[in-house]
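Open the model in your viewer and keep the selection tool at hand. The stops below go from one selection to the next.

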Amino acid sequence: WRLVILYRDMGKWDEYANLLSKKIVIYTNPIEEKIDIYQELVRIYRDILHQEDKLPQLYEQWLELNPTCDEAVTYLLSHYEQQNQWKEYIRVLKLKAEDSEDNVKADAYLRIAKISLEQLSERADATDFFEKAFNLAPQTSEAYDYLNAFYRKDRKWDKLIILQKKWTEN
């Protein structure tokens with residue numbers, strides 16, 4: 001640790017970040033300490049070295065340790081949206097949804113459904129996520145409208161009846 005502290009105090013940021021990165025690999029102590037190191041690495045690469053290209057990988061590694069980390073989720077969602085990396089965006093959004101309240105989860109599923117349909121042209125996945133969103137929040141008109149049209153078009157009458165029954169109950 002002395003060399004790490006010395007590099008930090010001397011402002012040798014590349015060397016400091018390099019040693020911290022190595023420390024994560026060999027360091028097997030509590031996850032909280034690894035998370036602290038990732039936070040520090042993000043700060044160094046973002047604020048001091050201005051090496052934005054390192055951030056996605058760091059945030060991904062941080063997210064592996066702490067799947068509910070808002071900072072990592074927020075950054076990665078923004079990054080993947082800007083890069084049009086929709087499958088990665090969906091993967092992170094699913095992680096965010098897992099530990100969320102039903103209304104937040106329903107909103108996430110609705111977003112995933114729209115991306116699956118509009119960006120990826122994956123109709124089956126879109127339908128699956130519209131169904132999940134509707135089951136969590138049956139008052140969601142967007143999910144209802146899509147599923148209503150889909151079930152009619154594909155002649156899935158049993159599902160259409162269930163959908164309309166749930167819709168009228170809410």
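Helices here are DSSP runs (H or I, at least four residues), numbered from the N terminus. The model is predicted: local features need pLDDT of at least 70, side-chain atom pairs count only at pLDDT 80 or more, and totals for chains, interfaces and linings use all residues. Residues are numbered from 1 along each chain as its sequence is written, and side-chain values use heavy atoms, with hydrogens and water left out.

**Stop 1: α3 against α4**

The crossing is left-handed, that is, the near helix is turned anticlockwise from the far one by less than a right angle.

Show side chains next. On α3 the contact (heavy atoms within 4.5 Å) includes Ile31, Ile35, Tyr38, Leu41 and Tyr45. From α4 it takes Leu55, Leu58, Tyr59, Gln61, Trp62 and Leu65. By class, this contact has eleven nonpolar, two polar and two charged residues; Ala, Val, Leu, Ile, Met, Phe, Trp, Tyr, Cys and Pro count as nonpolar, Asp, Glu, Lys and Arg as charged, and the others, Gly among them, as polar.

**Stop 2**

Pick Glu32, which is in α3. Glu32 is exposed at 55% relative accessibility; exposed means over 50% relative accessible area, buried under 20% and partly exposed in between (1.4 Å probe, protein chains only). Its C-alpha is 8.7 Å from that of Leu65, 33 residues apart in sequence.

Move to Cys69 in the loop between α4 and α5. Is Cys69 buried or exposed? At 8% relative accessibility, Cys69 is buried. Leaving out residues up to four places away in sequence, Cys69 touches Trp62 and Leu63.

**Stop 3**

His79 is buried, at 17% relative accessible area. Beyond its neighbours within four places in sequence, His79 contacts Pro56 and Gln85.

Asn84 is in the loop between α5 and α6. Its phi is near 55 degrees, positive in a residue other than glycine, and Asn84 is exposed at 52%.

**Stop 2**

Centre on Phe130. Residues it touches, not counting those up to four places away in sequence, include Leu110, Leu117, Tyr146 and Leu147.

**Stop 3: α9 against α10**

Finish with residues 141–153 (α9) and 157–169 (α10), which pack at about 155 degrees with axes 9 Å apart. These helices are therefore roughly antiparallel. Among the contact residues are Tyr144, Leu147 and Tyr151 of α9 and Trp157, Leu160 and Trp167 of α10. The contact divides into seven nonpolar, three polar and two charged residues.

In the loop between α9 and α10, select Arg155. Arg155 has phi near 55 degrees and is exposed, at 63%.

Terms used: Axes fitted to C-alpha atoms, helices over the stretch in contact; angles between N-to-C directions. Helix = DSSP H or I, 4+ residues; strand = E, 2+ residues; numbered from the N terminus. Parallel < 35°, antiparallel > 145°, perpendicular 65-115°, else oblique.
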